[in-house]
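Here is a note to read beside the model, written as numbered points. Please keep the sequence and the 3D view open as you go through them.

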Amino acid sequence: MEIVAVNQISPDQVILWSWSFITINVTIIYTWLVMAILVIGSWLVTRNLSTGINVSRWQHFLEVVISTIRGEIGEMTKKGVDDYVPLIGTLFLFICLSNVMAIIPGYVPPTASLMTTAALAICVFIAVPFYGISRNGVLHYLKEYFQPNFIFFPFHVMGEISRTLALTVRLFGNIMSHEKVIGILLSVTPLVFPVIMQALGLLIGVIQAYIFAILSMVYIASATSAQEESHKAEVSEGITA
Amino acid sequence: MDKLSLVAVASIVIAGLTMAIGSLGPSLGQGKAIQQALSAIAQQPDERNSLTRTLFVGLAMIESIAIYCFVISMIVIFANPFWGYFVKAGG
C-alpha cells in the first residue's frame with residue numbers, strides 16, 4: 001500500500017479533498033491522527049488518577065515518561081524545570097509518536113513534510129524570546145543581542161534564523177530520506193532488507209525526536225541562563241562597588 | 001543533445017556529486033567526534049550521561065550538513081524547477 005509515490009518528495013502533494021482554498025492532504029490527516037491519539041490517550045489515562053498503592057499500569061507508563069522528560073530537562077537547566085516540560089515534552093512526544101508509527105502500513109509520518117517540521121521549528125523560534133523575556137525582562141533579553149558589542153547584532157539575528165532552518169531541515173531530511181530509502185529498497189530487494197531498514201528507521205525516529213527536544217531546550221536555556229549569569233555578574237559588581 | 005536531456009544529465013550528475021562530496025566532510029567529522037567522546041568516556045565513566053548528551057547534540061549539528069546536501073540532491077532529482085520550465089518551453 002503506497003500513498004506517497006517514490007517520485008513525490010512530500011506527502012503534501014497527495015491531496016485527498018479540496019474545496020475552494022481549503023485543501024486536506026495526507027500530512028494534515030495524519031497530523032490529526034497523531035494529535036487525536038496523544039490527546040485521547042492521555043485523557044483516558046489521567047481521567048482517574050490515583051495516589052494510593054493501586055496505580056493503573058497506564059498511569060505508571062505516563063509517570064515514567066513524564067519523569068524521564070523532567071529529569072532530562074533538569075540536567076540542562078538548573079531551575080524552573082516545570083516551565084519547560086509542557087513545550088519540550090509535547091514536542092518530543094508528538095515527533096516521537098509520529099516517527100514511530102511509521103511501521104504501520106499505509107501511514108506516512110507527518111514529519112516527512114517540510115511544512116510540519118517548519119511549524120514545529122517556528123514554535124521553538126517563538127518560544128526562545130518568550131522564555132527569555134519572561135525570565136529576564138525585555139531589556140536583558142535585547143541586550144544579549146549586542147554582546148560583546150553592537151557589531152555582533154546581525155550575527156546574532158542570523159544565528160537565530162539559521163538554527164531554526166537547521167532544526168526544520170534536519171528532521172525533515174532524516175524522516176524523508178528514510179521513507180525514500182524504504183521505497184527504493186522495496187523496488188530493488190523487496191524480501192528482507194526493507195525490514196532491517198524499518199528497524200533502523202525506528203531508532204532514527206526516536207533519536208531525531210530526542211535531538212529536536214534537546215536542541216530546543218539548549219536554545220531556550222541559552223536564552224535564559226546566559227542572561228542570568230550576566231545579570232548576576234552585574235549585581236555582584238554593583239555589590240562590590 | 002537538446003535542452004531537456006542536458007538538464008536531466010546535469011541533475012543526475014550533480015545529485016551524485018552532491019552526495020559524494022557532501023557526505024565526505026561530515027563523516028570524517030563524526031568519526032573524530034565519536035573517537036574523542038569514546039576516549040573521554042573511557043577516562044571518566046562517571047560523566048557518561050552528559051558526555052553522551054553532548055555527543056548526540058554535536059553529532060546532530062554535524063549531520064545536518066550532510067542532510068542539507070541530501071535535501072538538495074533530492075530537490076535536484078525530484079523537484080527540479082528547471083525541469084518543469086524546459087518541459088513547458090519545449091512543449
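Is B:R53 buried or exposed? The answer comes under point 2, after a word on the conventions.

The model is a predicted one, in which local features need pLDDT of at least 70 and side-chain atom pairs count only at pLDDT 80 or more, while totals for chains, interfaces and linings use all residues. Residues are numbered from 1 along each chain as its sequence is written, chains are lettered from A and ligands numbered from 1 in the order in which they are written, and side-chain values use heavy atoms, with hydrogens and water left out.

1. The interface. Of the area that chain B buries against chain A, 34% is supplied by B:R53, B:Y68 and B:F78, more than by any other three residues.

2. The salt bridge between the chains. B:R53 is buried, with a relative accessible area of 12%, since buried means under 20% relative accessible area, exposed over 50%, and partly exposed in between (1.4 Å probe, protein chains only). This residue forms a salt bridge with A:E75, and the closest N and O atoms are 2.7 Å apart; a salt bridge is a side-chain nitrogen of Lys or Arg within 4 Å of a carboxyl oxygen of Asp or Glu. The pair crosses between chains, from helix α2 of chain A to helix α2 (residues 48-78) of chain B, helices being DSSP runs (H or I, at least four residues) numbered from the N terminus. A:E75, at 39% relative accessibility, counts as partly exposed. The count between chain B and chain A is 1 salt bridge.

3. Salt bridges within chain A. Over all chains, the structure holds 4 salt bridges. In one of them, A:R70 pairs with A:D82 at 3.1 Å between the closest N and O atoms, linking helix α2 (residues 57-76) to helix α3 (residues 81-100) across 12 residues. A:R70 counts as partly exposed because its relative accessibility is 38%. Another joins A:R163 and A:E160, whose closest N and O atoms are 3.3 Å apart. These two residues lie in helix α6 of chain A, 3 residues apart, about one turn of the helix, and both are buried. An α-helix has 3.6 residues a turn, so residues three or four places apart point the same way.

4. Helix α4 of chain A. This helix (residues 114-136) has 23 residues and reaches 33 Å from its first C-alpha to its last, close to the 33 Å expected at 1.5 Å a residue; the expected span is 1.5 Å times one less than the number of residues. The buried residues of α4(A) include A:T117, A:L120 and A:A121.

5. A:T168 is found in helix α6 (residues 153-188) of chain A, and counts as buried because its relative accessibility is 8%. Leaving aside its neighbours within four places in sequence, A:T168 is in contact with A:L114, A:T117, A:A118 and A:A121.

Note on methods. Buried area = accessible area lost by both parts, 1.4 Å probe. Contact = heavy atoms within 4.5 Å.
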